[in-house]
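Student: Could we go through this structure together and check the words we use for it?
Tutor: Gladly! Have a look at it before we start.

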Amino acid sequence: MKCLRSGEPLGGADEMFPSSESLATKNFSASGHSCLDKKLDTGNIEEAESSLRESGVLNYEEARALLGRYEYQKGNFVAALHVFEGIDISIVTPKIKIALSRSRERNKKHSHNHAEPQMSIHAIGLLLEAVFLKAKSLQVLERFKEAAQCCKVILDIVESSLPEGLPDNFGAECKLQETLSKAVELLPELWKLADCPRQAILSYRRALLHQWNLDVENTTKIQKEFVVFLLHSGGEAAPPNLRSQMDGSFVPRNNIEEAILLLMILLRKVSLNRIEWDPSILDHLSFALSISGDLTALANQLEELLPGTIPRRESYHSLALCYYGAGRDLVALDLLRKLLSSREDPKHVPAHSKLAVSDSERFKRQYEALHALETASRMTRMRDPLVLYHLSLEYAEQRKLDTALYYTKCFLKLEGGSNVKGWLLLTRILSAQKRFLDAESIINAALDQTGKWDQGDLLRTKAKLQIAQGHLRNAIETYTQLLAVLQILSKSFGSGKKLYKDNRDRARNLEVEIWHDLANIYISLLQWHDAEVCLSKSKAIKPYSASRCHALGRMYEAKGLYKEALKAFRDALDIDPGHVLSLISTAVVLRRCSDQSNPAVRIFLMDAIRHDRLSASAWYNLGLLHKAEGTVSSLVEATECFQAAHFLEESEPVETFR
């Protein structure tokens with residue numbers, strides 16, 4: 001201790017560490033470092049620890065804590081861990097708890113009336129810091145579960161001692177609050193590294209629900225990290241059990257709702273100027289609310305943002321997408337008009353469609369996506385259903401149907417056959433292989449295993465399979481059955497109940513498409529009145545629909561009313577400029593009623609191909625256009641177009657894969 005005594009006295013016996021300048025909270029003096037270095041370099045931890053205790057100022061645990069911190073600061077994590085493991089924290093835990101619980105009750109002046117000397121706040125800070133540094137050492141050594149259990153000890157001690165929360169300025173003079181804040185933030189990360197998602201979620205909730213005296217920055221950071229984990233961890237957590245929750249308060253039922261609640265709290269902090277604006281908050285909220293299907297709520301959140309938080313043009317664009325997705329087409333159209341007005345930037349709207357990307361860039365992205373998914377499947381050992389689903393989807397869209405079929409079957413096996421989207425993808429792949437009977441059998445089996453809610457898409461796919469086989473009457477019966485199911489479900493929604501809003505909107509959109517499908521069947525059968533009835537039913541539900549205008553144009557075309565047909569197709573393109581079927585139909589009618597070499601025909605067909613390069617009809621009609629030109633080069637181009645159309649038609653599903 002001669003080396004340590006070269007400095008100022010350490011203080012009286014009743015307070016081991018009287019100030020932040022004491023031995024427990026400061027590094028050693030230069031002479032102290034030199035003296036201890038000689039002892040520690042020889043590997044004699046016990047001798048160094050004994051030297052620190054000779055004066056009677058430090059007990060065994062405190063001396064070990066100080067030596068362990070010294071080794072940790074030098075980067076000797078194995079040696080630090082060896083020192084820390086010599087501390088049995090359970091021995092001093094009762095004293096720590098008593099001292100902490102009394103710290104709230106004590107007056108500013110220290111009480112000396114206790115039968116035995118009370119542990120000082122400085123000693124508590126030193127010991128809890130030792131536990132924290134032990135957890136950090138274990139983390140460096142990749143012993144994550146042990147590290148998490150070690151870190152949890154700190155929170156357990158403090159929370160049980162101060163169940164109502166920490167007092168203000170708790171342990172500020174000895175960095176006890178700093179150690180505690182770091183432990184609260186570290187614990188969820190350690191559980192994630194240990195691959196214990198349930199414990200990670202519980203630790204996040206504990207960090208946010210207990211009063212730890214965290215500053216705004218730390219709390220915000222924890223909230224953001226928790227949101228990301230809830231949205232992207234891949235597991236579903238049990239709802240929080242909030243015993244202190246007030247009656248009638250909102251309690252999230254799943255990961256998505258809990259993430260949305262946290263994101264709304266963060267947005268409120270932004271509105272109150274408590275934290276700076278972070279664009280990722282809105283990105284995560286958009287993702288979460290899109291998954292939950294409540295795009296109207298997302299629009300409300302966008303409108304509540306303070307002016308200037310995000311650029312006005314970006315706000316218009318995002319709001320238009322929200323309202324369009326929520327089925328409020330007129331509101332979305334009005335916003336887009338404002339966005340494209342001369343006062344704003346008419347070129348601001350991104351070109352999100354595939355036509356904005358060159359062929360080489362598209363192929364490059366497809367290759368990179370496929371490579372990433374294959375890597376993910378190997379890393380997860382074919383045990384992640386989400387990876388398998390998207391892998392099969394990517395192969396299907398590239399028309400590698402056998403490989404797509406294999407991964408879809410793996411996905412369904414992993415999900416236990418309970419996922420409807422897996423059955424739908426499987427039947428679409430089989431339909432692309434022209435195995436219609438097999439696909440229909442699978443649909444029938446899936447219908448037997450699913451409830452009413454999930455039968456809509458299955459029945460529609462079944463009808464499409466029947467149409468592909470030429471069984472139009474059977475398809476009409478299936479559509480009639482589907483309409484009956486939707487009618488039954490609509491009665492269960494209840495008027496004005498927000499709980500059923502998303503399902504109600506989904507059912508209405510599905511009903512609109514059913515009327516369009518039926519209208520197209522009746523047009524094929526030349527049953528004009530029935531087709532008109534179906535289109536009127538559709539218009540009553542959704543007045544503006546590109547699909548309805550296209551079906552109306554087809555009916556006029558079948559009647560030989562080409563002028564009226566072109567107007568109907570033009571109306572469809574006014575609603576949706578990228579409606580591929582209307583682009584192709586416009587080109588076909590123009591060829592039929594005008595000069596064969598009309599340049600507008602080529603423009604419409606090339607536009608259709610830019611929007612959907614896998615459209616067999618577009619390639620076939622482009623081939624007819626080249627063939628009609630009669631030159632040697634045009635005949636070569638026509639041959640290539642016909643070959644592309646044949647390949648795509650042979651591998652075309654009854655519905656799009658995605």
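This is a predicted model: local features need pLDDT of at least 70, side-chain atom pairs count only at pLDDT 80 or more; totals for chains, interfaces and linings use all residues.

Student: How many salt bridges does a search of the whole structure find?
Tutor: The search finds 22 of them. Side chains of opposite charge can pair when their charged atoms come close.

Student: What makes Glu189 and Lys192 a salt bridge?
Tutor: The cut-off is a Lys or Arg nitrogen within 4 Å of a carboxyl oxygen of Asp or Glu. For Glu189 and Lys192 the N to O value is 3.0 Å, so the pair qualifies. Both residues lie in helix H8 (residues 176-193), 3 residues apart, which is about one turn of the helix.

Student: Why is Glu189 called partly exposed?
Tutor: Buried means under 20% relative accessible area and exposed means over 50%, with partly exposed in between. Glu189 has 24%, so it is partly exposed. Lys192, at 28%, is partly exposed too.

Student: How do you know that Glu394 and Arg658 form a salt bridge?
Tutor: Their closest N and O atoms are 3.9 Å apart, and the cut-off is within 4 Å, so the pair counts. Glu394 lies in helix H17 (residues 385-397) and Arg658 in the segment after helix H30 (632-650), so the pair ties together parts that are 264 residues apart in sequence.

Student: Is Glu394 buried or exposed, and what about Arg658?
Tutor: Glu394 has a relative accessible area of 11%, which is under 20%, so Glu394 is buried. Arg658 has 55%, which is over 50%, so Arg658 is exposed.

Student: What makes Glu655 and Lys464 a salt bridge?
Tutor: Here the closest N and O atoms are 3.9 Å apart, and that is within 4 Å, so this pair counts as well. The pair links distant parts of the chain: Glu655 is in the segment after H30 and Lys464 in helix H21 (residues 455-468), 191 residues apart. Both Glu655 and Lys464 are buried.

Student: Which helices do the buried residues of H10 pack against?
Tutor: They pack against H8, H9 (197-209), H11 (255-271) and H12 (279-292). The buried residues of H10 include Ile222, Phe226 and Leu230.

Key:
Residues are numbered from 1 along each chain as its sequence is written. Side-chain values use heavy atoms; hydrogens and water are left out. A salt bridge is a side-chain nitrogen of Lys or Arg within 4 Å of a carboxyl oxygen of Asp or Glu. Helices (H or I, at least four residues) and strands (E, at least two) are DSSP runs, numbered from the N terminus. Buried means under 20% relative accessible area, exposed over 50%, partly exposed in between (1.4 Å probe, protein chains only). Contact means heavy atoms within 4.5 Å.
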